[in-house]
Amino acid sequence: MPEIGGGSPAQRDPGSFRDPSGFVFTRDGSILRQINESFAAGWDDLAASGLLTTLQERGLLIGHTPAPIEDAALPEQAYAVIRPERIDFVSYPFEWSFGMLRDAALVTLEAQSVAHQAGFVLRDATAYNVQFQRGRPILIDTLSFERGVPGAPWIAYRQFCEHFLAPLALMAHRDIRLGMLQRDFVDGIPLDLAARLLPGRTRWNLGLGAHIHVHARAQARFADRGTEAATASRKTSVSPLRQRALIDSLQRTIRKLDWTPEGTEWADYADHTSYSEDATAVKDGLVRRFLAAAGGNVVWDMGANTGRFSRIAAELGRRVVAWDVDPAATERHYRLIRRDGAEGILPLVLDLANPSPGLGWSGEERRSLEGRANADVVLALALVHHLAIGRNVPLERIAALFARLAPGLVIEFVPKEDPMVRKLLATREDVFPDYTIDGFRAAFGELFEVAEEAPVTGTDRVLFRMTRPITTT
Amino acid sequence: MDHLVAYIDPGSGSLIIQAVIASIVAIPFFFREQIGRLLRAIRRRDDGLGTEANRTPDRSS
């Protein structure tokens with residue numbers, strides 16, 4: 001197709017359709033946001049106010065530059081086009097650790113606070129409008145600010161409670177694993193459900209009592225009153241002082257929620273491995289050498305734990321997405337990153353045996369794990385035995401998954417003689433006759449070529465660097 | 001309210017209860033703000049006095 005005018009065709013982001021004031025699309029690999037004619041006055045007002053600049057300078061909102069109007073995806077509706085700074089990797093709230101969701105909540109409240117002071121309002125408080133960029137949460141929806149109506153209540157209050165407060169309270173007060181509820185309830189956890197699941201004592205907690213329990217009852221109470229309640233709510237007025245007090249109350253409630261990892265399976269795994277110090281040093285050196293040889297820009301560290309090897313990849317200048325099944329390990333990893341200011345690593349929670357699916361409308365609004373695959377190299381250390389023996393996944397299938405995720409692979413084979421594997425096999429029958437180094441070579445050899453390999457001295461393990469041959473189909 | 005591009009359903013119950021909750025939490029919030037303001041004012045005054053005290057002859061000798 002000849003390239004005329006706007007160049008290659010625009011592709012609308014399948015997750016950007018709810019807001020009538022604009023939408024996100026890609027063209028020529030660039031991410032762009034169209035502002036619709038219907039929001040023209042709002043956009044001019046916002047641009048002239050200086051609020052966006054203030055938010056951007058304070059690191060609360062993603063930066064953007066103007067783009068030519070000719071780039072619009074739907075020119076007949078377009079008023080303006082902007083080019084937002086690109087997010088390295090789009091992650092979702094159910095993949096964040098507790099501390100990450102908490103920080104995202106505080107950034108959202110801070111943005112509403114700054115907007116309110118400027119006479120504006122954050123009209124959309126979905127957790128999906130926050131992304132992690134260079135180790136910190138940041139709002140990505142430039143169009144979610146609008147001139148506030150004096151005395152109007154905060155329109156996104158309910159959404160904030162459902163998207164942030166409810167999951168955080170459930171994780172802190174009931175069980176950290178309830179964070180996964182966010183995967184089913186993509187529009188936020190219903191407050192009546194949160195109220196039922198939370199321990200009864202949280203009713204006497206001022207913040208949670210008000211913003212979740214009383215809030216949930218009010219919703220139920222006014223739910224069947226239809227237009228009568230709608231009229232009453234339209235008359236509701238909240239003074240600026242009360243508005244500030246409400247945000248302050250939410251901030252205090254969120255800050256008081258805490259969860260410190262302990263007792264979950266791998267939280268202190270790094271300190272209790274089967275490795276001696278010498279073997280650890282050997283492995284560090286090998287991983288560094290293999291990763292350097294593998295090249296690329298993006299490494300996905302699968303089973304990253306608290307990020308020992310993610311840091312090695314980051315030191316080599318790679319951007320790292322560090323996945324782990326354990327929310328405690330991911331939380332610790334996140335805290336380490338915040339402490340050290342390591343910007344190139346994004347720690348996330350994922351069960352590789354049940355990865356993030358496509359979610360929302362048509363299963364396309366939030367993309368699946370494989371739909372977001374952007375890695376050049378997959379790093380899989382001390383992982384294959386957990387999948388093969390712990391979860392009964394045949395080695396061929398593990399190889400096939402890694403081949404779909406990235407063209408490069410640095411992987412450690414952990415044989416049955418290894419103390420960790422013995423531990424896995426201690427309580428169950430050994431139904432894994434093919435789980436041998438030869439079986440491993442055969443399974444991975446179907447899809448990868450071994451570029452180099454080396455034993456991890458002091459252990460029975462072997463480290464491999466593999467590449468997926470370029471197919472000519 | 002009507003001027004906003006309210007594409008998110010704010011929920012009638014949520015808006016009504018928000019007004020109630022905001023009114024209640026505004027009371028301690030107001031006092032905290034006033035106390036904070038007062039403390040800052042006192043600290044400023046004390047700092048001011050402290051600077052003057054430093055200038056007294058017996059201190060500088």
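This report walks through the confidence, the sheets, the helix packing and the chain contact of a predicted model.

## Reading the model

Residues are numbered from 1 along each chain as its sequence is written, while chains are lettered from A and ligands numbered from 1 in the order in which they are written. Because the model is predicted, local features need pLDDT of at least 70 and side-chain atom pairs count only at pLDDT 80 or more, whereas totals for chains, interfaces and linings use all residues.

The stretch to treat with care is residues 1-5 of chain A, where pLDDT stays under 50. For that stretch the model has two contacts beyond four places in sequence; a contact means that the C-beta atoms of two residues, placed from the backbone, lie within 7 Å.

## The five-stranded sheet

Strands of a sheet pair through backbone hydrogen bonds, either parallel or antiparallel. In chain A, five strands make an open, antiparallel sheet in the order 1-2-3-5-4. Here strands (E, at least two residues) and helices (H or I, at least four) are DSSP runs, numbered from the N terminus, and two strands pair if DSSP finds at least two bridges between them. At the edges are strand 1 (11-12) and strand 4 (64-67) of chain A, each pairing on one side only.

Strand 5 (residues 78-84) of chain A is joined antiparallel to strand 3 (residues 30-36) of chain A by four bridges, and strand 4 of chain A also pairs with strand 5 of chain A in the antiparallel sense over four bridges.

## The seven-stranded sheet

A second open sheet in chain A has seven strands in the order 12-11-10-13-14-16-15, with mixed pairing. Its edge strands are strand 12 (345-349) and strand 15 (449-455) of chain A. From one strand to the next, the twist averages 20°.

Within this sheet, strand 10 (residues 298-302) and strand 13 (residues 377-380) of chain A run parallel and share four bridges. One pair to find is Met302(A) with its bridge partner Ala380(A) in strand 13 of chain A.

## Helix 7 and its neighbours

Helix 7 (residues 206-223) of chain A packs against helix 9 (residues 240-256) of chain A at about 115°, with axes 9 Å apart. Axes are lines fitted to C-alpha atoms, for helices over the stretch in contact, and angles run from 0 to 180 degrees between N-to-C directions. The two helices are therefore roughly perpendicular (65 to 115 degrees). Residues meeting here include Gly207(A) and His211(A) in helix 7 of chain A, and Ser249(A) and Arg252(A) in helix 9 of chain A.

Helix 4 (residues 157-173) of chain A packs with helix 7 of chain A at about 110°, with axes 11 Å apart, so this pair is roughly perpendicular too. Cys161(A), Leu165(A), Ala166(A) and Ala169(A) in helix 4 of chain A meet Leu208(A), His211(A), Ile212(A) and His215(A) in helix 7 of chain A.

## Where the chains touch

The contact between the chains takes 43 residues from chain A and 24 residues from chain B. On the chain B side, 17 are nonpolar, seven polar and none charged. Ala, Val, Leu, Ile, Met, Phe, Trp, Tyr, Cys and Pro count as nonpolar, Asp, Glu, Lys and Arg as charged, and the others, Gly among them, as polar.

Definitions and conventions:
pLDDT is the predictor's confidence in each residue, from 0 to 100. Angles under 35 degrees count as roughly parallel, over 145 as roughly antiparallel, 65 to 115 as roughly perpendicular and the rest as oblique.
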